[in-house]
Amino acid sequence: MKKIAIFASGRGSNFIAIYKKTITGYIPAEISLVVSNNPTCGAIDFARNNAIPTFIFNKTKYPDTNIQNVMLAQILLKSEIDLICLAGYMKMIPENIVVKYKNRILNIHPSLLPDFGGKGFYGMKVHEAVIQSNAIESGVTVHFVDDKYDHGPIIIQEKVKVTADDTANVLANKVLILEHYVYPKVVKAFCEERIIFENNKPKIEVILEN
Ligand code: GRF
């Protein structure tokens, strides 16, 4: 069984979608830790209510950034974490963690990267920008994390149509439904060691049942 750490700053719906799939056994892993900069967010509430260990990681708790980063590395090591899943995590991942967990940190982004990604594109801002651009499609991207926002190697993208009467809210809901479907599938594939690299690009290997 793999051990997952979720990093989340907000309501945590993607975290909950992944958690539910670990409980049913669809994802052969357990969520061993939830890390957040925000002690009062929905993700932390859910973790506490479900007896999942939490780690609050912010400047109030650790004014010294170096100590903060070392503490995070230590708790990930102690919790024997195999995979980190960013699920609405609003902070940059410290470099020591990005290096140590190379190709073991996943992020989900609610657009078709590289479009509408990077600094400033978060939450509703992504969907508002998509609507403003008159794009005819949007979607979700799951990628490995590197040292830039929304930048690392893309594992999968799934699309949704944007129709003329879609508001940013409507689009956000459509994309979120897709996120809750796609992210657990990618986490499952990682835990089953089915994410492989071909020509330096990650892809999900599908095992056909006979
Ligand atoms: C999602 O739209 C995700 O793609 C983005 O942040 C949002 C988090 O939502 N990275 P939730 O907290 O998982 O509900």
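Predicted model: local features only at pLDDT ≥ 70, side-chain atom pairs only at ≥ 80, totals over all residues.
Figure 1. At N14, a backbone N or O atom lies 2.8 Å from an oxygen atom of the ligand. At I108, a backbone N or O atom lies 2.9 Å from a nitrogen atom of the ligand. On its own, the ligand has 360 Å² of accessible area, and the protein covers 86% of that.

**Figure 2. The ligand in its pocket.** The ligand sits in the largest pocket. Helix 1 and strand 5 are the elements that give two or more residues to the shell around the ligand. The surrounding residues are R11, G12, S13, N14, G88, I108, H109, P110 and E179.

Figure 3. Helix 1 spans residues 13-23. Eight of its eleven residues are buried, so helix 1 is largely enclosed by the rest of the structure. Those buried residues are S13, N14, F15, I16, A17, I18, Y19 and T22. After helix 1 comes G25, with a positive phi near 90°.

**Figure 4. S111 in its loop.** S111 belongs to the loop between strand 5 and helix 5 (124-132). Is S111 buried or exposed? S111 has a relative accessible area of 0%, so it counts as buried. Beyond four places in sequence, S111 touches F116, G117, V126, S138, G139, V140 and T141.

Figure 5. N58 is placed in the loop between strand 3 (54-56) and helix 3 (65-78). Its relative accessibility is 14%; the cut-off for buried is under 20%, so N58 counts as buried. Which backbone nitrogens does the side chain of N58 reach? One is that of T60, at 3.3 Å. Another is that of K61, at 3.0 Å. Leaving aside neighbours within four places in sequence, N58 is in contact with N37, P39 and Q68.

Terms used: Residues numbered from 1 in each chain as written. Heavy atoms only, no water. Buried < 20%, exposed > 50% of the residue type's maximum accessible area, 1.4 Å probe, protein only. Helix = DSSP H or I, 4+ residues; strand = E, 2+ residues; numbered from the N terminus. Near = heavy atom within 4 Å. Polar contact = N/O pair within 3.5 Å; in protein donor to acceptor, adjacent residues only side chain to side chain. Areas by Shrake-Rupley, 256 points an atom, 1.4 Å probe, with all protein chains shown as cover. 1 Å grid on protein atoms, 1.4 Å probe; cavity = no way out; pocket = protein on both sides within 12 Å on 5 of 7 lines; lining within 4 Å. Sits in = over half its atoms within 2 Å of the grid points. Contact = heavy atoms within 4.5 Å.
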